[in-house]
Amino acid sequence: MSRISVMGVGFVGLVTGACFADKGHQVACIDVDREKVDVINRGQSPIFERGLDELLQRNIGKGLRATLDARQAIVDSDMTFIAVGTPFDGQHIDLTYIKECARVIGEALREKQGYHVVVVKSTVVPGTTDRVVRPILEQASGKKAGVDFGLGMNPEFLTEGEAVSDFMDPDRIVSGGIDERSQSALEAVYEGFPGLRLRTNNSTAELIKYASNALLANLISFSNEFANLATALGDIDAAEVMRGLHSSRYLTTVLPNGEQIVPPITSFLMGGCGFGGSCLPKDVSALAAQGRQLGLPMKILSGVLDVNLHQHEQVFRLLGKHFSSLEGRRIVVLGLAFRPDTNDMRESPAIPIVKRLVAEGARVTGYDPVAGHEAQKIFGDTLPLASNLEAALEGAEALVIVTRWAEFQRVPELLKKSGERPLVVDGRRLLAKDSVARYEGIGLG
Ligand code: NAD
């Protein structure tokens, strides 16, 4: 059992803290947001994440607590994870929160007796842990990394919506560290977790995370460029092209009994209305910016971002085939979160889509199974929300599917029942093209 403190109770920090506590560690989750700390200490999750409420209820007040008192929590622990946000400021990665954490930890370490390990879990560009975090820690503590305290980098690969199961059942655990002692301490807290183990230096650990996210973003923009080409060529369905691609033996394995093992990566090889979320857009932007700073313009990544920036315009091209103007049209946006099973709306493609629909004078309604509250923070009164799917569909002239929520598979059945025939613009190719009377899908030439 280790004594762990985690700075930041966002998606990553809270899941990390709750899962470690469930494995028997003593965990203090630190944040500067009093409201979040209070909610967590009542055993509730401030974010929508499957299984997280149950984990909190099981562990809060036992091995898990949330606190505003960073100094005490750090002094009372043996290892501190930094899991605060690392936004992109338009030019570079913004390390303000990381630097502040390093300062606070350093000051606490000045008072602490004994060895402590500091681990960066936030996604940070290569070099940050060694060249930004380390000097701040050393200066604020008056101690030496590698002698008085350890320093590691442990990137997080969880996907929102699957965060608890991803954390509990990881594919890999990367233990970056300045020395063997830091790496071993990090591996020790993951004892009992499945997954491959990789030991690296800190910069390598940092770049593994970016390489992983950049690949996924690449695959999405690659598929979207093909979808747009299929559309321009006409008479080609990009979804069929992608299914043909998925059948390559480099992707799909056919067992001797004929069973096909389709790898999950193929879910990123499918045209749609673009990627969003709190990671892919900002991480690809931050890495491309770092490349530029080093005199290495990362041309592929710039292309990935450029395709993504414009991809939601396909929705308007499809609407434009049926409506000469959107003025006064009753249009329903189905799905507001950036992906299903989460209420996170950061960088969701729904944001530019709703904003443009409103700007073009459409009467827009939104519906999302869980992201309504987050949507209200962004759109306020400009986006009325339907309380359920049935209510959302009533009287719609067009439906725009933006998020792959499983619930939206009921749309054909509900429309059949009501007899209504709105245009369906499928931004995720979720529905079969012949399942509704009037269908348009991205990549359907
Ligand atoms: P988040 O924005 O949801 O949460 C960050 C939290 O840090 C907030 O609660 C904020 O109040 C708190 N915070 C800010 N300054 C603080 C300080 N000085 N002391 C204590 N707490 C402080 O962020 P997130 O989505 O959990 O992401 C955190 C990091 O993990 C980012 O670098 C992100 O790129 C990375 N990451 C995120 C995901 C994901 O799916 N969200 C997945 C993998 C990696």
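Analyst: This is a predicted model. The 16 residues of H5 should span 22 Å at 1.5 Å a residue, and the end C-alpha atoms of H5 are 24 Å apart, which agrees.

User: Which residues of H5 are buried?

Analyst: The buried residues of H5 are Ile98, Cys101, Ala102, Val104, Ile105, Gly106, Ala108 and Leu109.

User: And what covers them?

Analyst: The cover over the buried residues of H5 includes strands S1 (3–7), S4 (79–82), S5 and S6 (149–153), together with helices H4 (70–75) and H6 (128–141).

User: Moving on, where does glycine 114 lie, and is it buried or exposed?

Analyst: Glycine 114 is in the loop that runs between helix H5 (96–111) and strand S5 (116–120). Its relative accessible area is 51%, so glycine 114 counts as exposed, the cut-off being over 50%.

User: How far is glycine 114 from aspartate 148?

Analyst: Their C-alpha atoms are 7.4 Å apart in space, although 34 residues separate glycine 114 and aspartate 148 in sequence.

User: New topic: at what angle do the axes of H9 and H11 cross?

Analyst: The axes of helix H9 (residues 202–233) and helix H11 (residues 280–293) cross at roughly 115° and come within 9 Å. H9 and H11 are therefore roughly perpendicular to each other. The crossing in which H9 passes H11 is left-handed.

User: Which residues make that contact?

Analyst: H9 contributes Leu207, Tyr210, Asn213, Ala214, Leu216, Ala217 and Ile220, while H11 contributes Leu280, Asp283, Val284, Ala286 and Leu287. Of the residues in this contact of H9 with H11, 10 are nonpolar, one is polar and one is charged.

Conventions
Residues numbered from 1 in each chain as written. Predicted model: local features only at pLDDT ≥ 70, side-chain atom pairs only at ≥ 80, totals over all residues. Heavy atoms only, no water. Helix = DSSP H or I, 4+ residues; strand = E, 2+ residues; numbered from the N terminus. Buried < 20%, exposed > 50% of the residue type's maximum accessible area, 1.4 Å probe, protein only. Expected span 1.5 Å × (residues − 1). Contact = heavy atoms within 4.5 Å. Axes fitted to C-alpha atoms, helices over the stretch in contact; angles between N-to-C directions. Parallel < 35°, antiparallel > 145°, perpendicular 65-115°, else oblique. Left-handed = near helix turned anticlockwise from the far one by under 90°. Nonpolar A, V, L, I, M, F, W, Y, C, P; charged D, E, K, R; others polar.
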